[in-house]
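Me: Please study the model shown below. The questions that follow take up how its parts are packed together.

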Amino acid sequence: MSDKNYDETAAEQNFPPEPKYEKLPLLALRGLCAFPGMLLNFDVERDISTAALDAAGEYGRRVFLIAQRDIMKESPRPDDLYKIGTICQIKQLLKIPGGGVKALVEGVSRARLHEAALEHGYYIAEAEEIPEPESPKKTARLEGMMRRCAGMFDTYSMMSSGLSRETVFPLFGMTEPGKIADYIAQHMFLRHDVKQPILETIKPAKRLELVCDILAHELEVQGIEHEIEENLRMRLEGQQRDHILREQLHAIQSELGEEREPDNEVAEYRRRIAKLKVPEEVSAKLFKETDKLEKQHYGSAEASVITSYLDLCLELPWNKETAERRDIAAARRALDNDHFGLDKVKERIIEFLAVKQLKPDHKGTIICLLGPPGVGKTSVAISVARALNRKLARLSLGGIHDEAEIRGHRKTYVGAMPGRIIEAVNRAGTRNPLMLLDEIDKLGSDYRGDPAAALLEALDPEQNSSFRDHYLELPFDLSDTMFITTANSASTIPRPLLDRMEIIEMSSYTDVEKLEIAKRHLISKQRKKHGLTTRQLKFSDSALLEIIAGWTRESGVRQLERDIATVCRKTAAKVAGGEAKSVSVTPENLPELLGARIYTPEAFAQADEVGVAHGLAWTSAGGTTLDVEVNVLPGKGVLKLTGNLGDTMKESAEAAVSYIRSRAERLHIPPDFYKEKDLHIHFPEGGVPKDGPSAGITMAIAVISALTGAPVRRGVTMTGEITLRGRILRIGGLREKTMAALRAGATTVIIPADNEPDLEEIDQTVRRALNFVTARSIDTVLDVALDFSAVAPAEASAEPPKADVTPVRGAPKNPPRVRQ
């Protein structure tokens, strides 16, 4: 078959024609793209590129231009180039003195790089020419896109300083979308990696749409740039205007004889510094700053900075002190008048005063009042300041992330100011104030520094005698300052900072303490605030206890005070409206004054239950009971935990099940229960997150009850961390937990043996009402928690090992049997 006949047959069968390659010298462009039909002027300095231009004469002055991906690469290889470039016709070559060539080329067509080989010092490329597709049929959308591109390019040329308006004129005579896109892309100031996708887009309509999107983005960016430039120009003009007006004011004051005498101001500063009784280092620094001020121009920014600095330094109480009250009896009366209870805090303050009385130069330690919200930490510090006759300087540290908030900014920064500690001392007006650092456990840290680290110097008695603020740049003596900090949790206080403080725990108030606080302080305070007298509003003790139990659930007395304020407002409305002359608050009329009861009393079931155990938990609002429910189901040994539990509680549940498996034979539990039974452990109130290790013993008792059928004795609560061997470990928050047990009607509380010394800290009312059982192993308290007599004899023969179980005084009328 002849070649002609073969080609005709291939055309009839729609076979794609074989690609045709043209061999041309290859020139790699750095940061540029060439487009068909457009002129491009560029400089050539690399030897390999110069050789390619010299060889172009043998190829009809045609050369293949293609952009390299990385413009920093000095000797790119074919793999470093894009695949789509432009075949160009060389129009002019001009050698530059000193080496190099300036080239002017015109794009002919797009082409795809097939291969490139290095020959005679330059690359010869096999380029497959990509013909320009026919222009699509004119539609309203295409026409609108062409006009929009032309209009946006016109706006772009007006906003770009390097592009003349004449460049836009040829655009309005073009009718083909592909040429419009190439023309705009060639003349826009874009990076080569933004232009390359336009070159690689073959379809004219798609290419025009891409250019349209790029133009819209560039116009938005240029608009922001112009806005920034305009704001800068206006700011500079405002500064220049202020300078001119200031000079005019200076001239007018000079003519009127009202000109300020800079020399007199400097002399005044020198006089005040000379009178100041400060160390030589401080006075030398202040005199140096005064000399700087004397050389500054009146009204300059530097002069105002120096003036502010000198004013602060001269206002600081370098030697001013307040006389401290060291009368122990008077201080004790002041503390007792302000607060009920809090014996440990009062005792520590009295000890501090006693030492100061015997040794006046004693520096003391930093006191940290640790406790839940609302227990009176801040008010105690205020009372201490009043008892000691010290000025109070209060700093709130919650949420501070910047170290400069503590140590100040350097004067080189615009708007620099001293840190909060120096500001507080200056505000107090004395060098020996009581400085209250509130919420020290809520300090943060970020890239601007760690405020907790900045506090180390201030709170260290060995270092704070020469505390240096970044703004002050001078040593200031804080050794006579008494620091009291407050925190809700010690776990979030950095260890180095915690080591410098003496922790005094302020635990939750008991109901009796809340009653006394309300009678002695809160009621009188709210009566006075609302304009009521003792005759107009009376509270019975039973009403106050009912409010505490039914309308508040907190560690402190904040909500209680709010509820008393609500009652005062209701009473004031009745008295002012003539409905009543006085109101007596009793448990019966509380719903009328405060609305429906919010909290129902916690109570245990009336009978012993299988698989339900009662634990104790500590929250920020005090102690609470924590029920655990266990179901045993046929299955494959799956342990399911529900109730919004944290990782620690989940691990405690796994430890409890492992312990039970190790004691299965002794407890007469089928040894393969973990293969044939599913265990579902659930904590009610799933909306409340729960975590911590102290529920381990409660989960173990509940699971043993569910597996053996022995009910958990009603009235028994427990708390303690469990190990794999069944040991019961020490827990925290025992005081709050035991108060919660008493509120719930418990009679017996099982606690770890290591917590027995903590019983001395428990309120005597609670100790008398509850029977405490201490144990080191869960094996020893099974008979205390479980009633094995309710199980069939064959099943009830589980005999835990005999060990030390210690009942502590305060047993109820019918205590559960304890095996010794």
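Me: In which hand of crossing does helix 10 pass helix 12?

Reply: This is a predicted model in which local features need pLDDT of at least 70, side-chain atom pairs count only at pLDDT 80 or more, and totals for chains, interfaces and linings use all residues. Residues are numbered from 1 along each chain as its sequence is written, and side-chain values use heavy atoms, without hydrogens and water. Helices (H or I, at least four residues) and strands (E, at least two) are DSSP runs numbered from the N terminus, and a crossing is left-handed if the near helix is turned anticlockwise from the far one by less than a right angle, and right-handed if clockwise. The crossing in which helix 10 passes helix 12 is right-handed.

Me: Which residues of helix 12 make the contact with helix 10?

Reply: Contact means heavy atoms within 4.5 Å. Helix 10 contributes Ala331, Ala334, Leu335 and Asp338. From helix 12 come Ser383, Val384, Arg386 and Ala387.

Me: At what angle do helix 10 and helix 12 pack?

Reply: Axes are lines fitted to C-alpha atoms, for helices over the stretch in contact, and angles run from 0 to 180 degrees between N-to-C directions. The axes of helix 10 (residues 328–338) and helix 12 (residues 377–388) are 9 Å apart, and the helices pack at an angle of about 150°.

Me: How are helix 8 and helix 9 oriented to each other?

Reply: Helix 8 (residues 280–295) packs against helix 9 at an angle of about 150°, with axes 10 Å apart. Angles under 35 degrees count as roughly parallel, over 145 as roughly antiparallel, 65 to 115 as roughly perpendicular and the rest as oblique. Helix 8 and helix 9 are therefore roughly antiparallel.

Me: How many charged residues are there in the contact of helix 8 with helix 9?

Reply: Residues of helix 8, including Lys285 and Glu289, meet residues of helix 9, including Ile306 and Cys313. Ala, Val, Leu, Ile, Met, Phe, Trp, Tyr, Cys and Pro count as nonpolar, Asp, Glu, Lys and Arg as charged, and the others, Gly among them, as polar. The contact of helix 8 with helix 9 has 7 nonpolar and 2 polar residues, and the number of charged ones is 3.

Me: Is His120 buried or exposed?

Reply: His120 is found in the loop between strand 5 (101–119) and strand 6 (122–130). Its phi is near 55°, a positive value in a residue other than glycine. With a relative accessible area of 72%, His120 is exposed.

Me: What is the phi of Glu473?

Reply: Most residues other than glycine have a negative phi. Glu473 lies in the loop between strand 10 (467–468) and strand 11 (475–476), and its relative accessibility of 32% counts as partly exposed. The phi of Glu473 is positive, near 60°.

Technical notes. Buried < 20%, exposed > 50% of the residue type's maximum accessible area, 1.4 Å probe, protein only.
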